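Good morning, and thank you for coming. Please keep the structure in view while I speak, and follow each element as I name it.

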Amino acid sequence: MGERDRHTVSNGAPPQEVIVDIRGLVKGFGAKEVLKGIDLRVSEGESAVVMGGSGTGKSVLVKHAVGLLYPDAGEVWALGQRVDKLDDDALDRLRLSTGYVFQGGALFDSMTVFENIGFILERHTELSRAERKDRIHEALDWVNLPDKGPQYPAELSGGQKKRVGLARAIILKPDLMFYDEPTTGLDPISVRTVSELILRLRDERGISSITITHDLLCAEIIADSVHFLHEGHFVASGSLDEVSTTPHPEIRNFFGT
Amino acid sequence: MANSTASSGLERTSVALAFASRAGELALFAAEFFKRFWRRPFEGRELMHQMDEVGTRSFILTSVTGFSIGVVLAMQSRGTLIRFGAEAVLPNMLALSVIKEIGPVLTSIVLAGRLGAGIGAEIGSMRVTEQIDALEVAALKPFHYLVITRVLACIIVFPILTMWTDTLALVGGYLESVLSEGMDYRIFFNTAFETIRISDLVVDTMKTSIFGFIVAIVSCYMGYTVRGGTREVGQAAMHAVVLSALLIFVADVVVVRLSLFIFGDISG
């Protein structure tokens, strides 16, 4: 049995306490195979961090969990549903229970900060205009940007964009969050601010998450578990201390140990 | 020598394959439009916004184009018609050429230049900055929001702008005739519409809906499938304009051939 065949064997839905279950995920683009059989389990309330060098497929991995990419082989389960088998409507319903913070914020640049967040509320809730306004202010207060509502994304700093992206991602009160390089390119103070917001989401709202990062400070603050991706495989998984002391040349190089 | 011939043959084959693959993708993208068009959500507000973008903001461009065509056509044709003693048919000839061909095609080409680049660059930059992915994960159906609205807007607005361009071209031709030979407006417009049939007006104006579809679907496709960065976005915008213009000419040949087959020509 080949590697791909092995990974297509299903054992059914994961237990309820497992929020994300990725089994034998294989993904390639053209001739290049980026993920070569990834297994990842994230439990309820857990903050999992995926680390690794640039171009190792970390973002590719999480994009499967929200149906932005589909596996060549393997299974992707999120919130008890087989993501890669969902039809459009079911996938949309799943997406409404998740939040995704993109690397560059991915704010809609033709809309103000207020509209960026309000757009989602308007489409997916029955809230009145006043109620929507309150929810948006509440979200902006939460990310400590109370007065940025009327500004356009181009007028914000990198850190502010990420925080607005975070406010937008949590506006529908998701059960599961994905953060794609939430602190890349930020100064250490902003790294701490954004990381502490992620931590607060876990502690105050019990939101499980997968974070893609190569930022050690961010990982130190938020990680319950760390998975190190190299050449399409997780070469180490465990606590940050366990992973950072693994005697693998790539990990040593990455952590400078 | 043999090696270089073989490698250039391979290059040509791979270029042809890449072209065929892109053409196939574009056809699938267009098919996706028809498949999703019937499904919810209907983005009414965004459609109105896009119609405003396509229509209102192209108004001056098409006005200037139409008026100039009319004036220039009248100036250029008069001398030739005088030589053949056929000056009296100038309004007639002007109306026929403007309504049947120059108005629809030139309006569509001008709009392809403005909208093709605009749509290609806008959607392309949304793709490379992950804004389309952000719409997707927020369950906001980006294909409906970005593509269907723009395509519909172009299908609706292109004929309206074409009628406006045609009108201004005739007004331009008339003003030139007044200034050159003091022609009476009743004589000009009566002569102009003498040989125009309703089917000419309808078919030749409505064919621009097809051109609008082509411009929008090609431009959306180019933007939607961009990979890379700002350089690729620029290339997508440029390709959107070039391919739209080429396909407009090809579609024009097909539509004219079909309309001649169905309605016959003027003398028929």
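This is a predicted model: local features need pLDDT of at least 70, side-chain atom pairs count only at pLDDT 80 or more; totals for chains, interfaces and linings use all residues.

How many of the residues of strand 8 of chain A are buried? The count is 5 of the 5, so strand 8 of chain A is largely enclosed by the rest of the structure.

What surrounds this strand? I will take its partners in the sheet, and then the helices. As a general principle, strands of a sheet pair through backbone hydrogen bonds, and the pairing may be parallel or antiparallel. Strand 7 of chain A runs parallel to strand 8 of chain A and is joined to it by 5 bridges. One pair you can find on the screen is Leu176(A), whose bridge partner in strand 8 of chain A is Ser208(A). Strand 3 of chain A also pairs with strand 8 of chain A in the parallel sense, over 4 bridges. Here Val49(A) has Thr211(A) of strand 8 of chain A as its bridge partner.

Two helices also belong in this picture. Helix 2 of chain A, residues 58–65, lies across strand 3, strand 7, strand 8 and strand 9 of chain A, and runs at about 150 degrees to strand 8 of chain A. Helix 7 of chain A, residues 188–205, lies across strand 3, strand 7 and strand 8 of chain A, at about 160 degrees to strand 8 of chain A.

**The sheet as a whole**

In chain A, 6 strands form an open sheet in the order 6-7-8-3-9-10, and the pairing is mixed. Strand 6 and strand 10 of chain A are the edge strands, each of which pairs on one side only. From one strand to the next, the twist averages 15 degrees.

At the strand 10 end, strand 9 (residues 225–230) and strand 10 of chain A pair in the antiparallel sense over 5 bridges. There, His230(A) stands opposite His233(A) in strand 10 of chain A.

**A second sheet in chain A**

Chain A also has an open sheet of 4 strands, in the order 2-1-4-5, with antiparallel pairing. Which strands stand at its edges? They are strand 2 (32–43) and strand 5 (81–82) of chain A; each has a single partner strand, so one side of each is left without a neighbour in the sheet.

Strand 1 of chain A is mostly covered, with 9 of its 12 residues buried. Strand 1 of chain A is joined to strand 2 of chain A by 9 bridges, and the two run antiparallel. Within this pairing, Val18(A) has Ser43(A) of strand 2 of chain A as its bridge partner. The hairpin of strand 1 and strand 2 of chain A has 2 residues between the strands, and in this hairpin Gly30(A) takes a positive phi near 65 degrees.

Strand 1 of chain A is also joined to strand 4 of chain A, residues 73–78, by 5 bridges, again in the antiparallel sense. Asp21(A) has Trp77(A) of strand 4 of chain A as its bridge partner, and Val20(A) stands opposite Ala78(A) in strand 4 of chain A.

Let us turn to the second chain. Chain B has 9 helices and 0 strands. Of its 268 residues, 41% are buried. Helix 4 (residues 90–128) and helix 6 (residues 142–181) of chain B pack at an angle of about 145 degrees, with their axes 8 Å apart. The contact of these two helices of chain B has 16 nonpolar, 7 polar and 2 charged residues.

Where the chains meet, 10 residues of chain B are in contact with 13 residues of chain A. The chain B side of this contact has 5 nonpolar, 2 polar and 3 charged residues.

**Confidence in the model**

The average pLDDT of chain A is 90, and 96% of the residues score at least 70. Where in chain A is confidence lowest, and where is it highest? The lowest mean, 43, is in helix 1 of chain A, residues 3–7, and the highest, 96, is in strand 6 of chain A, residues 98–101. Over residues 1–7 of chain A, pLDDT stays under 50.

How values were computed
Residues are numbered from 1 along each chain as its sequence is written. Chains are lettered from A and ligands numbered from 1 in the order in which they are written. pLDDT is the predictor's confidence in each residue, from 0 to 100. Two residues are in contact if their C-beta atoms, placed from the backbone, lie within 7 Å. Two strands pair if DSSP finds at least two bridges between them. Ala, Val, Leu, Ile, Met, Phe, Trp, Tyr, Cys and Pro count as nonpolar, Asp, Glu, Lys and Arg as charged, and the others, Gly among them, as polar. A residue is buried if 20 or more other C-beta atoms lie within 10 Å of its own, exposed if 12 or fewer, and partly exposed in between; C-beta atoms are placed from the backbone. Axes are lines fitted to C-alpha atoms, for helices over the stretch in contact, and angles run from 0 to 180 degrees between N-to-C directions.
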